[in-house]
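Below is a brief report on aromatic contacts and strand pairing in one protein model.

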Amino acid sequence: MPADPVQLSKFFSFVLRHRPDSIGLALDPQGWVSIDELIEKGNTAGMWFNRKELLHVVETSNKKRFSVSHDGLRIRAAQGHSVSLKLGLSPQEPPPELYHGTATRFVGSILSEGLKPQGRQHVHLSLDKATAHRVGQRHGKPVIFRVEALRMHAKGFKFFLADNGVWLTDQVPPEFLTLSSSTADSATTSRQPKLST
Ligand code: HQG
């Protein structure tokens with residue numbers, strides 16, 4: 001039976017971000033794999049899908065988690081990797097402020113150590129509070145940090161914009177962080193269904 005789109009999206013996230021080796025795949029240095037090979041190895045591993053179903057997941061991903069190469073032959077995760085690779089993104093000047101959603105239980109540690117990539121390759125930052133709120137909700141009671149991104153940039157910290165609009169940086173020291181007082185603009189979006197893949 002073919003996999004449903006949510007199950008497939010979780011499978012692609014797992015393989016393309018974290019464990020390509022689990023189905024015998026190897027990512028290229030920028031995270032790309034052949035779509036034909038992903039289909040073949042995924043099917044062999046018991047995850048049934050074809051090219052049409054794969055492209056459906058790519059096109060309907062609410063966070064645009066996956067990118068397909070211009071020639072249509074390869075796919076990669078836009079961000080969120082734990083495997084070490086170079087996405088090949090050029091450093092960019094960020095907007096003055098970005099946001100990071102997390103859970104209240106991490107606040108003390110973040111205020112003393114700053115934001116760290118933890119299991120991933122980068123710290124993930126959002127352009128708006130509503131998105132940060134949703135990211136934070138995945139971990140528990142959400143709280144939002146405001147990040148003085150442009151001031152960090154002026155001091156030499158590099159920022160990258162992933163294919164799907166998520167901003168990435170290596171770390172955020174505490175001096176650039178403030179707890180954001182208002183989550184009012186995210187209250188309406190918090191009722192949206194949560195899809196964490
Ligand atoms: C926290 C989702 C204690 C950090 C989202 C976060 C995102 C610290 C957690 C993407 C810390 C890591 C990434 C410190 C950071 N002490 N806790 N010093 N520094 N943390 O899941 O940013 O649905 O690896 O606040 O939309 O939550 O998967 O990162 O709570 O873009 O496509 O450590 O994942 O996208 O958690 O989420 P994560 P994240 P997808």
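Phe 157 is partly exposed because its relative accessibility is 23%. Phe 176 is buried, at 1% relative accessibility. Buried means under 20% relative accessible area, exposed over 50%, and partly exposed in between (1.4 Å probe, protein chains only).

This is a predicted model: local features need pLDDT of at least 70, side-chain atom pairs count only at pLDDT 80 or more, and totals for chains, interfaces and linings use all residues. Residues are numbered from 1 along each chain as its sequence is written, and side-chain values use heavy atoms, with hydrogens and water left out.

## Aromatic pairs

The whole structure holds 5 aromatic pairs. Rings of Phe, Tyr and Trp (its six-membered ring) pair if their centres lie within 6.5 Å; planes under 30 degrees apart are stacked, over 60 edge-to-face, the rest tilted.

Phe 157 and Phe 176 pair edge-to-face, with 5.6 Å between centres and 75 degrees between planes. This pair links distant parts of the chain, 19 residues apart. Phe 157 lies in the loop between α6 (149-154) and β7 (160-161), Phe 176 in the loop between β8 (167-169) and β9 (177-179). Elsewhere, Phe 11, Phe 12, Phe 49 and Phe 66 form one aromatic cluster.

## An open sheet

Helices (H or I, at least four residues) and strands (E, at least two) are DSSP runs, numbered from the N terminus. Two strands pair if DSSP finds at least two bridges between them.

An open, antiparallel sheet of 3 strands has the order β1-β3-β2. β1 (33-34) and β2 (66-68) each have a single partner strand, so one side of each lacks a neighbour in the sheet. β1 and β3 (residues 74-77) run antiparallel, joined by 2 bridges. Ser 34 sits opposite Arg 74 in β3.
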